[in-house]
Amino acid sequence: MTHRAGAGPLATKALTRVEGEGAMHVEIVDGRLVDVTLRIYEPPRFYEGFLRGRGHTEPPDITARICGICPVAYQMSACLAIEQACGIEVTDGIAELRRLLYCGEWIESHTLHIHMLHAPDFLGVNSVVDLVALDRAAVERGLELKKIGNELLELIGGRAIHPVNVRVGGFYRPPSREALRAFRPRLARALELAVDVCEWVAGFDFPELDTDHELVSLDDGDHYPVFGDRIVSDHGLDIAVDEFASHFQEFQVSHSTAKHARLLSRGNYLVGPLARYRLAREKLLPAAAAAASAAGLGATCPNPFRSIVVRAVEVVHACEEALRITDGLIDASINTDPGSVEVPARAGTGHGATEAPRGLLYHRYTLDEAGTITDAEIVPPTSQNQPTIEHDLFHFVESRLDMADDELARAAEVTIRNHDPCISCATHFLDLTVDRRGGTP
Amino acid sequence: MRPLVIGVGNRWRGDDGVGPLAIDALAALGADGPDADLLTLDGEPGRLVAAWEDRSRVVVVDAIVTGAAPGTLHCVTSGFAGRGAGASSHGNGIAEAVALGRALDRLPEQLVVIGIEPGRLDHGTELSPTVAAALDTVVRLVCELVDEEVGAPCA
């Protein structure tokens with residue numbers, strides 16, 4: 001969509017290096033920034049409707065299809081919500097196996113974002129293809145690391161795109177010890193690669209931008225957050241996942257089909273790597289903590305441009321966590337027999353939240369006594385972050401109004417990619433328009 | 001080595017599901033295993049490159065938007081990347097995958113992309129009638145391509 005108003009050329013650019021489709025509009029009047037809006041076409045609304053009338057065992061399979069990049073997140077949040085509605089808790093072994101599967105998704109998704117979407121922004125090239133000419137070894141290392149994440153997804157989930165081994169209550173078939181033993185060297189290799197990637201991205205030049213958003217993530221006890229029953233923030237929020245609807249509000253905006261979300265009486269907030277890092281840095285495993293220190297990260301990372309470094313640290317952590325769990329499964333200190341527990345239907349409402357690579361993903365289901373879903377709600381991280389992304393964009397663009405439109409458009413794209421918005425439901429590109437009216441001030 | 005057939009798309013996005021549905025149809029014909037390896041992917045370039053990097057012969061089936069009438073078939077080879085960005089329904093998936101594969105010397109010796117012009121890409125699991133009608137032709141085309149390699153009937 002291109003707006004023409006007043007004199008002056010307009011820059012329109014397709015933004016391809018985000019996952020999916022959306023559109024951003026920047027409006028400048030008399031040299032003053034008036035509005036920045038991000039439109040995203042979001043799938044959960046469709047799936048929420050589609051889930052009504054379905055059986056209580058179906059959400060993991062159905063919701064996994066919302067996103068090809070983070071199907072495990074959808075499966076895990078769905079399983080937790082359904083199991084809570086039915087009053088079932090899985091065994092510690094199943095919980096650990098779920099965490100291992102999730103490690104595969106973090107490794108693959110973050111590595112994809114770091115290398116194919118975000119790194120080109122800091123190295124002055126337009127795409128990962130151009131990056132090959134600049135630093136072929138870095139691209140090859142990224143692809144190798146990403147592939148190991150993919151292999152882990154296949155080993156535990158049966159398939160990488162829509163894992164088929166996940167069911168409400170656990171797994172259809174846990175991996176054999178032999179398979180895990182054979183895979184372990186791959187994880188050790190992944191850890192080496194991840195540490196190198198972290199060192200690589202830490203050396204990029206980052207624009208200065210300090211933000212002060214409320215940062216929200218799950219509290220996962222002793223673990224760096226992936227699961228957890230409580231939602232916490234750096235501004236003192238500390239609530240049960242069940243209380244999500246009492247503290248967070250989804251709302252419609254006219255410029256997007258995606259609902260936005262805000263904290264009631266508090267406003268915008270941010271979920272994802274920066275939030276997890278701020279709230280749980282001390283829970284990083286040793287190699288990840290060392291990588292964070294070596295990368296120059298302090299107790300918090302207020303600059304969203306440096307989120308690429310935090311993602312790299314989280315990949316190191318995921319590799320270490322995967323090794324820890326794999327070793328436990330091999331030496332049988334983690335027991336996954338049985339691979340699942342029965343989850344008989346009963347009437348009730350259940351809530352589940354997990355940390356998708358992009359941040360907190362909340363599911364709620366209401367079941368009748370036969371287990372039929374009567375209501376479903378899915379709040380993905382991108383819709384929670386959208387007002388905050390717009391806020392970042394506004395302030396970033398505001399201080400760069402003297403840039404040429406195409407330069408400004410590129411800078412805005414980078415700002416969007418800092419938060420890795422997942423809009424992969426969609427079919428085309430993010431079109432970015434800059435609308436300049438009037439003259440310069 | 002058997003040829004690899006990759007169906008790209010999301011079967012919950014209307015005609016975008018034509019790639020995965022072609023794979024279903026080929027599997028139903030018994031093509032998986034003896035004649036070819038079948039795979040469904042979402043079009044993410046890194047996954048595509050990883051899937052085909054060790055292969056000599058690959059056929060990709062995907063919904064491709066060019067503005068032609070729904071159901072129109074496009075059969076293109078590795079030169080696809082030179083056609084410019086933006087044709088695939090998955091952002092720049094296949095074009096970028098081909099460009100990345102070429103830059104890294106990870107392209108199969110022969111790569112054929114069969115594109116189907118979609119009619120509707122909104123949520124839903126049904127193909128539009130014109131694309132559903134084209135699916136049979138797509139499957140036949142894939143079988144012919146596979147037959148050229150293995151010299152055996154696909155169905």
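This is a predicted model: local features need pLDDT of at least 70, side-chain atom pairs count only at pLDDT 80 or more; totals for chains, interfaces and linings use all residues.
Let me start with chain A and its domains. Domain 1 is made of residues 12-43 plus 385-437. Domain 2 takes residues 56-212 plus 283-370. So each domain is written as two segments of chain A, as the bounds of the assignment show. Take the centres over C-alpha atoms, and domain 1 and domain 2 of chain A sit 28 Å apart.

Next, a helix pair in chain A. Two packed helices are described by the angle between their axes and the distance between the axes. Here the pair is α11, residues 381-398, and α12, residues 405-417. The angle is about 145°. The axes are 10 Å apart. The crossing of α11(A) past α12(A) is right-handed.

Which residues meet? From α11(A), they are A:Ile389, A:Asp392, A:Leu393, A:Phe396 and A:Val397. Facing them from α12(A) are A:Leu408, A:Ala411, A:Ala412, A:Thr415 and A:Ile416. Eight of these contact residues are nonpolar, one is polar and one is charged.

Now chain B. How many helices and strands does chain B have? Four helices and five strands. Along the sequence, the order is β-α-β-α-β-β-α-β-α. Chain B has 155 residues, and 54% of them are buried.

Last, the contacts in chain B. Consider those with a separation of 6 or more. Of these, 74% join residues 24 or more positions apart.

Note on methods:
Residues are numbered from 1 along each chain as its sequence is written. Chains are lettered from A and ligands numbered from 1 in the order in which they are written. Axes are lines fitted to C-alpha atoms, for helices over the stretch in contact, and angles run from 0 to 180 degrees between N-to-C directions. Helices (H or I, at least four residues) and strands (E, at least two) are DSSP runs, numbered from the N terminus. A crossing is left-handed if the near helix is turned anticlockwise from the far one by less than a right angle, and right-handed if clockwise. Two residues are in contact if their C-beta atoms, placed from the backbone, lie within 7 Å. Ala, Val, Leu, Ile, Met, Phe, Trp, Tyr, Cys and Pro count as nonpolar, Asp, Glu, Lys and Arg as charged, and the others, Gly among them, as polar. A residue is buried if 20 or more other C-beta atoms lie within 10 Å of its own, exposed if 12 or fewer, and partly exposed in between; C-beta atoms are placed from the backbone.
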